[in-house]
Amino acid sequence: MYTAKGTLATRQGIENYLPMVRRAAARMIGRLPANVEMDDLVQAGVIGLMDAMQRYEQGHGAQFETFAMQRVRGAMLDELRGTDWVPRSVRKSQRDIAEAVRALEHELKRAPSDAEIAQRLNVTLDDYHAMLVDVRGAQLVYCDDYEAEEGDTHYLDRHVAPDTQSDPAGQLADRRFREALVAAIGDLPQREQYVMSMYYEHDMNLKEIAAVLGVTESRVSQLHSQSVARLRARLKAW
């Protein structure tokens, strides 16, 4: 499976790891709007897999599967970035919600309610809930966050540390971010904590979460979007 130089044989490797690419695409597609094609993500993922095979060498610490998955997901995110499906109005709504949450948390010293956020945005509660549903599909990747300056390297080279064990500063920053994220999730309203736990820890879909909570799928989508807005507001400094 490896060449004389210690790199992976491309053709055999693609066949062996294609199921991994498809699983990554299937996991990602479930959180995207219906107009995003599964085949497009798989194609981008295969390109990322080939890139991983060319770059990976045995004996460098990380297992190939871990290294390759970073490249596969990065290639899929870059594909989504290059073909951004989200209208500017949705991006604006996303920023407005995050800013409203941030301002209210500063004023109230607690997590604001739906009604308080809606009032801050000067919209009805129903309109605010509709905004939450609209922005859900925009929460996987934010184009502005991944936009490269001229001469910048690949997305993963800029945002994924290749070896945090040999980079104490990077390791410390990663630990602090994780601690900040855990604390921010702990400050979410209890129902939103349940949604985040079921969605991300237990890999449950909206329908399953709705059944557990006894609400509609649309309401779960709203709760998820609102949770993400709260976390983005709390972690803006990162």
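**Reading cavities and cores**

Q: How many nonpolar, polar and charged residues are in the lining of the second largest cavity?

A: By class, that lining holds 4 nonpolar and 4 charged residues, with no polar ones. Keep in mind that this is a predicted model.

Q: How is empty space inside a protein found?

A: The general idea is that a probe the size of a water molecule, rolled over the atoms, shows where empty space is left. Here the count comes to 2 cavities of 30 Å³ or more. The second largest cavity contains about 40 Å³ of space.

Q: Which residues line the second largest cavity, and which helix gives the most to this lining?

A: The lining is made up of Glu105, Ala111, Ala184, Asp187, Leu188, Arg230, Leu231 and Arg234. Helix H12 (residues 217-234) gives the most, with 3 residues.

Q: Let's turn to one residue. Is serine 93 buried or exposed?

A: Buried means under 20% relative accessible area. Serine 93 counts as buried because its relative accessibility is 18%. Serine 93 sits in helix H4 (residues 88-108). Leaving aside neighbours within four places in sequence, its contacts are Met131 and Val135.

Q: How many residues does the largest nonpolar core have, and which have the most contacts inside it?

A: A nonpolar core is a set of buried residues joined through side-chain atoms. The largest one has 21 residues, and Val21, Leu41, Leu49, Phe64, Val72 and Met76 have the most contacts inside it. Helices H1 (10-29), H2 (38-55) and H3 (64-82) are the elements giving two or more residues to this core. H3 supplies the largest share, 7 residues. Apart from this core lies another, of 14 residues, including Val101, Ile117, Ala118 and Met131.

Key: Residues are numbered from 1 along each chain as its sequence is written. This is a predicted model: local features need pLDDT of at least 70, side-chain atom pairs count only at pLDDT 80 or more; totals for chains, interfaces and linings use all residues. Side-chain values use heavy atoms; hydrogens and water are left out. On a 1 Å grid over the protein atoms alone, a cavity is a set of points where a 1.4 Å probe fits but cannot get out, and a pocket is an open set with protein on both sides within 12 Å along at least five of seven lines; lining residues have an atom within 4 Å of a point. Grid points are joined across faces, edges and corners, and a volume is the space filled by probe spheres set on the points. Helices (H or I, at least four residues) and strands (E, at least two) are DSSP runs, numbered from the N terminus. Ala, Val, Leu, Ile, Met, Phe, Trp, Tyr, Cys and Pro count as nonpolar, Asp, Glu, Lys and Arg as charged, and the others, Gly among them, as polar. Buried means under 20% relative accessible area, exposed over 50%, partly exposed in between (1.4 Å probe, protein chains only). Contact means heavy atoms within 4.5 Å. A nonpolar core is a set of buried Ala, Val, Leu, Ile, Met, Phe, Trp, Tyr and Cys residues joined through side-chain atoms within 4.5 Å.
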